[in-house]
Structure formats: C-alpha cells, structure tokens
Amino acid sequence: MVLYFSGTGNSEFVAKAIAEGLGDELISINNYMKDGIAGDFVSGKPYVLVCPTYAWRVPLVVEDWMKTARFDGNDDMYFVLTCGGSTGGAQAYAKKLCDKIGMNFRGFRTVVMPENYIAMFDVPDKEKSERIVNAAMRPINNVIKTIERCEDMEEKMPAFGMFMSTLVNWVFFTFIVKDKGFHLEKDCISCGKCAEMCPLNNIRLIDGKPVWGGNCTHCMACICGCPAECIEYRKASQKRRRYWFGR
Ligand SMILES: Cc1cc2nc3c(=O)[nH]c(=O)nc-3n(C[C@H](O)[C@H](O)[C@H](O)COP(=O)(O)O)c2cc1C
Ligand code: SF4
Ligand code: SF4
C-alpha cells in the first residue's frame with residue numbers, strides 16, 4: 001500500500017508512479033488529515049510512505065499522523081522522500097519512526113524533485129522542472145524494482161546528516177514554520193481554493209477572504225495553488241514564481 005502526503009503535487013506524482021508500477025493501492029494522507037481521521041489499514045504488500053522533506057526530515061505532521069495510524073497485514077515499510085536538493089539525516093528519522101510504530105524499516109530513497117519552498121527559495125521554471133522530473137524517473141523505477149524484489153534499500157547519509165538535521169529542524173520548526181507571514185496583496189476572487197487545499201484545515205474564509213488559524217506546516221499549497229496568485233508570504237515570496245507539479 002502506497003501512502004502519500006503532498007503540498008504541491010511532487011510527492012503525489014511520485015507516489016502514483018510507484019503505486020502504478022507495483023500495481024498497489026494508493027492512499028492520500030492529506031485526505032485523512034483534512035477529515036481528522038486516524039488511518040486503519042490492512043495490506044498484504046509492504047507499506048510505502050512517500051512525502052516531501054521538510055528541514056531534512058519527515059514532516060512533523062506526517063510523523064504525528066503515522067503514530068496514530070494502525071498498519072496491519074504486512075510489517076514492512078519503505079520510505080521515499082522527495083526533496084529540492086538533499087534529505088540530510090531524514091533516513092535516521094524514518095528508521096526511528098518505524099521503531100515507534102512497530103514496523104520493519106526496509107528502506108529509504110531520496111527523489112530530487114523541483115523545489116517548492118517559495119517562502120525561502122526561488123523555484124525552477126517550467127523547463128528546468130521538467131528536466132528534474134525526467135531525471136527523477138530513474139530513482140522512482142529503481143524503488144519499484146527494489147520493492148518488487150523484496151530487497152532492502154538503504155542510502156548513505158551525508159556526514160553529520162543526523163546532527164545537522166536535528167539542529168536545522170529545531171530552529172526551523174520553532175522559529176520559521178508560522179503562518180503569520182501569509183497575507184493578501186492583490187485581489188482575492190473568493191474562490192475558496194486555499195481553504196479547500198489546506199491539509200490541516202488551517203484556513204477559513206471570512207467575508208470571502210482567507211484567514212489563517214495558526215496551525216500551519218508550511219506545505220505551500222495555499223500560496224502556490226491560489227489561482228489569483230494574491231497570497232504572499234512576508235516579502236519573501238514577492239516576484240517569485242509559484243510552483244505546482246506539472247504547471
Ligand atoms: C517547509 C518546507 C521545507 C523544505 N525543506 C527541504 C529540505 O530540507 N531539503 C530539501 O532538499 N528540500 C526541502 N523542501 C523542498 C521540498 O521537499 C520539495 O520541493 C518536495 O518535493 C515538495 O513536495 P510536494 O510537492 O509533494 O509538497 C522543503 C519544502 C518545504 C515546503
Ligand atoms: S485561493 Fe486565492 S483567490 Fe481563492 S480564496 Fe484563496 S486567496 Fe482568494
Ligand atoms: S495554511 Fe497554507 S502553507 Fe499552511 S498548511 Fe495550510 S495550505 Fe499549507
């Protein structure tokens with residue numbers, strides 16, 4: 001069973017490709033989170049979690065949700081993390097998570113996809129994004145073959161990866177992941193898509209305009225998915241291209 005969390009479509013694409021390659025079931029964690037439902041799964045095949053890397057680790061919201069879910073049937077779990085450049089020490093977090101939820105850690109694979117974190121970085125243009133996605137097909141196909149053969153799939157972690165990940169994501173989740181910086185700058189057309197797309201139900205429309213509620217994981221779905229491009233994050237997102245897989 002392939003489970004995925006995705007803000008802007010990269011991990012969804014990778015998860016779909018893996019599920020299709022394995023002929024396996026595909027489950028969106030976003031939907032479970034949005035509906036406030038704990039997962040209760042049974043699968044004869046290994047579980048595969050596909051999600052983005054946030055500050056060199058499995059996103060905290062994903063980890064928290066995984067800890068409340070039940071995984072019956074097969075005991076094996078693989079992790080595939082999409083990222084814009086490096087997953088740092090995320091593999092160590094994935095192993096720890098497996099221990100906590102009583103699953104067998106069978107492997108970890110990094111899949112480099114286009115950067116989506118417009119609150120901090122520029123994102124690649126359409127042409128460059130396509131090149132990155134084409135190159136990603138190789139590790140994706142490799143993941144499919146490895147799981148089909150029931151093999152382990154460990155990656156060499158960068159030196160000091162775990163130490164750096166711990167430091168980076170403490171600073172990151174304590175000081176940076178806040179929704180206070182989101183605001184409107186151009187005309188909002190009151191379509192409600194931002195509220196619809198937020199996996200944490202953190203946005204409500206009041207008088208037709210979005211209001212952020214303080215429970216945000218910086219997935220970038222609202223700011224990148226807004227059809228009017230009227231959401232900004234502090235000054236950082238101004239003049240930056242919005243990223244969404246395939247657009
Ligand atoms: C909050 C946040 C933190 C991120 N941290 C990292 C990181 O530590 N390393 C990295 O290479 N990419 C990082 N990225 C980029 C994403 O992991 C990458 O673009 C991913 O494929 C997005 O997946 P999605 O479209 O499924 O949400 C980060 C993106 C966000 C939004
Ligand atoms: S998605 Fe954009 S245009 Fe639509 S309601 Fe939200 S902010 Fe307004
Ligand atoms: S408020 Fe926006 S960035 Fe934060 S979790 Fe919701 S969609 Fe993602």
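Predicted model: local features only at pLDDT ≥ 70, side-chain atom pairs only at ≥ 80, totals over all residues.
Helices (H or I, at least four residues) and strands (E, at least two) are DSSP runs here, numbered from the N terminus. Residues are numbered from 1 along each chain as its sequence is written, and chains are lettered from A and ligands numbered from 1 in the order in which they are written.

**The sheet**

- Five strands make an open sheet in the order S2-S1-S4-S6-S7, with parallel pairing (two strands pair if DSSP finds at least two bridges between them).
- Strand S2 (26-28) and strand S7 (104-112) hold the edges with a single partner strand each, so one side of each has no neighbour in the sheet.
- On average, neighbouring strands of this sheet are turned by 20 degrees against each other, direction ignored.
- Strand S1 (residues 2-4) and S4 run parallel and are joined by three bridges; Tyr4 has Val50 as its bridge partner in S4.

**Helices on the sheet**

- H4 lies across strand S6 (76-83) and S7, and runs at about 150 degrees to S7. Axes are lines fitted to C-alpha atoms, for helices over the stretch in contact, and angles run from 0 to 180 degrees between N-to-C directions.
- Helix H5 (residues 126-148) lies across S4, S6 and S7, at about 165 degrees to S7.

- In helix H3 (residues 60-68), the buried residues are Val61, Val62, Trp65 and Met66. Buried takes 20 or more other C-beta atoms within 10 Å of a residue's own, exposed 12 or fewer, and partly exposed is in between, with C-beta atoms placed from the backbone.
- Those four are on the same side of H3 because they cover an arc of only 135 degrees around the axis, the arc being that of the directions from the helix axis to the C-beta atoms.
- Asp64, Lys67 and Thr68 are exposed on the other side of H3.
- The buried residues of H3 pack against helix H2 (29-35), strand S4 (47-52) and helix H4 (90-100); a contact means two C-beta atoms, placed from the backbone, within 7 Å.

**Ligand shells**

- Ligand 1 has 24 residues around it, and Gly7, Asn10, Ser11, Pro52 and Cys83 come nearest. A residue belongs if its C-beta atom, placed from the backbone, lies within 6 Å.
- Helix H1 (10-22) and S6 are the elements that give two or more residues to the shell around ligand 1.
- By class, ligand 1's shell has ten nonpolar, 13 polar and one charged residues. Ala, Val, Leu, Ile, Met, Phe, Trp, Tyr, Cys and Pro count as nonpolar, Asp, Glu, Lys and Arg as charged, and the others, Gly among them, as polar.
- Residues around ligand 2 include Cys188, Cys191, Cys194, Cys226 and Cys230, and its shell divides into nine nonpolar, two polar and one charged.
- Ligand 3 is surrounded by 15 residues, the closest being Cys198, Cys216, Cys219, Ala221 and Cys222; that shell has ten nonpolar, four polar and one charged.

- Most residues other than glycine have a negative phi.
- His218, not a glycine, has a positive phi of about 60 degrees. His218 is in the loop between strand S10 (209-212) and helix H8 (221-225), and counts as buried because it has 22 C-beta neighbours inside 10 Å.
- Arg234 also has a positive phi, of about 45 degrees, without being a glycine. Arg234 is exposed, with 12 other C-beta atoms within 10 Å.
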